[in-house]
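This report is a guided reading for someone meeting the structure for the first time. Please keep the sequence and the 3D view at hand while reading.

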Amino acid sequence: MFDEIATKIAARIQERVAAQFQSKVKVSIEQPKQNSFGELAIPIAFQLARELKRPPRQIAQELAGEIEHMPEVASLEIAGNGYINVRLARGAYAESILRADGAKSAGSARAEKIIVEHTNINPNKAAHIGHLRNAILGDTFVRMLRRRGNLVEVQNYIDNTGVQVADVVAGFHHLEKYGAAQVRASIADNSKRFDYLCWDLYARVSAYYQDNPEALEWRAETLHAIEAGKGELAELGHLIADAIVQAHLKTMARLGIRYDLLPRESEILHLQFWAAAFELLKQRGAIYFEEQGKNKGCWVMPASAFRESAAGGGEAADDSKVIVRSNGTVTYVGKDIAYQLWKFGLLGKDFFYRIWSREGDGHLVWVTSDTPDSERPPTFGHASRVFNVIDSRQSYLQDVVVAGLRALHFPEQAEASVHFSYEMVALTPRTCVELGIPIPEEDKTRSYIEVSGRKGLGVKADDLIDKLIATALAEVEHRHPEAPPEERRTVAEQIAVGALRYFMLKFTRNSVIAFDLHEALSFEGETGPYVQYTAVRAGNILRKFEERGGKLPIFRDVLNAQALERGFQTENIWQLLLAGSKADSAIERAIGAGEPAHVAKYAFQLAQSFNNFYHEHSVIAEQDAERRTMLLWLTAYVREQLLSILNVLGIEQPPYM
RNA sequence: GGGGGCGUAGCUCAGGUGGAUAGAGCACCUGCCUUCUAAGCAGGUGGCCGCUGGUUCGAGUCCAGCCGCCCCUACCA
């Protein structure tokens, strides 16, 4: 609502600027820092002053007349050296929200498909908090896009044939002496979580390699077997990867995160995706066969393709990226180029698909397959935009992938490939100590410490979620001793998820999160539960009102512009309505900036605004009937906006807190 | 060496395309629960926005040069 009016006013001024001053300067609209300046601030006079060589104040005067009599505008003033400050007509503004209510704008639904790839955890051990940041960021971005009406396909890439899986397979085979039957039994054994078992085993294998470098032969042997798809090692690989993927999806489901398709590396190999991409790359000269130097015998992409500085920089050949190794096997980047081509429908090949799982509400999760299946899949791929949610440490690889597209003469798709990068999640020294993670003396003064999955150090996702639930449950039990235990458990889970998702979202993407357990377990201040609590409060007002014999009217029928105009003269009541009406604006801005954090920030600010209102004004006890109706409407409206924005953040609203 | 990121209150972080008196949470201090739940509200303490220069009506924001920290720079992913 807010954006529409701002745009309308800007357009009017734009016309006048063109007509009167023959200027093409773009009219921008700002929001004043101080509420007392009004709702909109237009700094156009400053820009024109330079062009016209006239005092900005004078120009502002002339332009102000243009919008003075618009019905949306209550008053305006020329402030400072030439700001045009606009005060909106409160009654009219409120009424337009009231009338629009219920007839939600369908959004700019477009046919173009957007693929968002996220999570992408190596299927060889339990998920940790770094993976949570990836999945929550990706999932929230998906929710933002869908809210706005975009068609989005969510993919979770499964690297089931890589080194990390191979290492765990080697661990079971060589260290544990497990065969397929024993691994199956281990997966089925509910007394010890399989993904946790693999977490430890992976650390043991890594340590074993350290002490016995000759054992690295196991890895090569296992990789070879997995790639060939035959023998016991390959079978172990499949068993382990599938079981771990299942565990990951279960972990993510706890946070309301799910997927449309699980593309697997095994199919990229078996269906010859790479062979097709390789042909293209060779044909179009994107890669060449290196005859000399350290990369002799490899197919490489010249550094000039993905690094501007290398173009004229002399010894750049050293920085070339190997795509096919001298032994003929393809690197991860090569496979990723093939996959990226497929996402845009440029490879000329497709996967087969089968259903991985069918969820309670009928949602289907599909997985790629190398043979046709009886179920008919929807059309996957063929996107016009692709967002890859991958941490910033891999930006070099992502650059190479995009350079591959460009070198293949797909500049549009290269442009439409976005590396949605984010910084890592590290631990504060305090948290390391608390978790018994050893840290070197010299690191104790650092603000954060990076943990190593290879060493088995870190915070497992499910452990953190469990801890959050336990903390929330203790509080819920204390506050609501009378409530049924299962219900309290559900409430605690909702609060825990709210806290976790908000925590991962409140930081902007390129800020390293120094994960602190105390901070994460806090439910006060700028947290998810604060916002949830606010929504609960708003709900309580409406519920209590009805419990005490009140009946909520159809607000549209009983409120009119005059009543609203009167009601919204009170400043913080007006500010609350205004804040509530900026939800779409916040989402739009967040998508533009690629920052889910902006949505989180907005949710918090709206909650703050409501809590302020809550303490200043008593709704149910309000004696004046017209005013009470107005306050009830405002409460209902803000509650709706809060729930709607919480939904975008993937946070549920508990019935009570 | 090259590429990328970061540096804002004691701590953790926000600061739309440059705009008015630089914000929030935590921590600390003062008040406020017989009321629609105090997981809350109001107020207070706390800032050479890393440094230096430039661009201009105006710079935390843009440019250049320094200083410091982090990540990447594999025939691992």
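Predicted model: local features only at pLDDT ≥ 70, side-chain atom pairs only at ≥ 80, totals over all residues.

## Burial and cysteines

A residue is called buried when its relative accessible area is under 20%, exposed when that area is over 50%, and partly exposed in between.

How many disulfides does the structure hold? The structure holds zero disulfides. In general, a disulfide is a covalent bond between the sulfur atoms of two cysteines.

## Overall layout

Chain A has 657 residues, of which 53% count as buried. Its secondary structure consists of 26 helices and 15 strands, and along its principal axes the C-alpha trace spans about 80 × 70 × 60 Å. Among the contacts in chain A with a separation of 6 or more, 74% are between residues 24 or more positions apart.

## The nonpolar cores

The largest nonpolar core has 143 residues, and the members that touch the most other members are Ile9, Ile44, Leu132, Phe568, Leu577 and Trp633. Helix α26, which covers residues 625–648, supplies the largest share of this core, with 12 residues.

Which residues does leucine 577 contact, once its neighbours within four places in sequence are left aside? Leucine 577 is in contact with Tyr93, Ala94 and Ile97, with Phe568, and with Trp633, Leu634 and Tyr637.

An open sheet of three strands is arranged in the order β1-β3-β2, and its pairing is antiparallel. The edge strands, each of which pairs on one side only, are β1 (40–42) and β2 (73–79), and from one strand to the next the twist averages 25°. In general, the strands of a sheet pair through backbone hydrogen bonds, in either a parallel or an antiparallel way.

Within this sheet, β2 pairs with strand β3 (residues 83–88) in the antiparallel sense over six bridges, and isoleucine 78 stands opposite isoleucine 84 in β3. Helix α3 (residues 56–68) packs on the sheet and touches β1, β2 and β3, while its direction makes about 175° with that of β2. Helix α1 (residues 2–21) also lies across β1, β2 and β3, and runs at about 25° to β1.

## A hairpin further along the chain

Strand β10 (residues 352–358) and strand β11 (residues 364–369) are paired in the antiparallel sense over six bridges, with isoleucine 355 standing opposite tryptophan 366 in β11. Five residues lie between the strands of this hairpin, in which glycine 362 takes a positive phi near 95°.

## Salt bridges

The structure holds 37 salt bridges, and one of them joins lysine 343 to glutamate 117, with the closest N and O atoms 2.4 Å apart. Because lysine 343 lies in helix α13 (residues 332–343) and glutamate 117 lies in strand β4 (residues 113–117), this pair ties together parts that are 226 residues apart in sequence. Both lysine 343 and glutamate 117 are buried.

Arginine 254 forms a salt bridge with aspartate 462, in which the closest N and O atoms are 2.7 Å apart. Arginine 254 belongs to helix α10 (residues 231–254) and aspartate 462 to helix α17 (residues 461–479), so the pair ties together parts that are 208 residues apart in sequence. Aspartate 466 counts as partly exposed because its relative accessibility is 37%.

Terms used: Residues numbered from 1 in each chain as written. Chains lettered and ligands numbered in written order. Heavy atoms only, no water. Core = buried A, V, L, I, M, F, W, Y, C linked by side-chain atoms within 4.5 Å. Buried < 20%, exposed > 50% of the residue type's maximum accessible area, 1.4 Å probe, protein only. Helix = DSSP H or I, 4+ residues; strand = E, 2+ residues; numbered from the N terminus. Contact = heavy atoms within 4.5 Å. Pairing = 2+ DSSP bridges. Axes fitted to C-alpha atoms, helices over the stretch in contact; angles between N-to-C directions. Salt bridge = Lys/Arg side-chain N within 4 Å of Asp/Glu carboxyl O. Disulfide = S-S within 2.5 Å.
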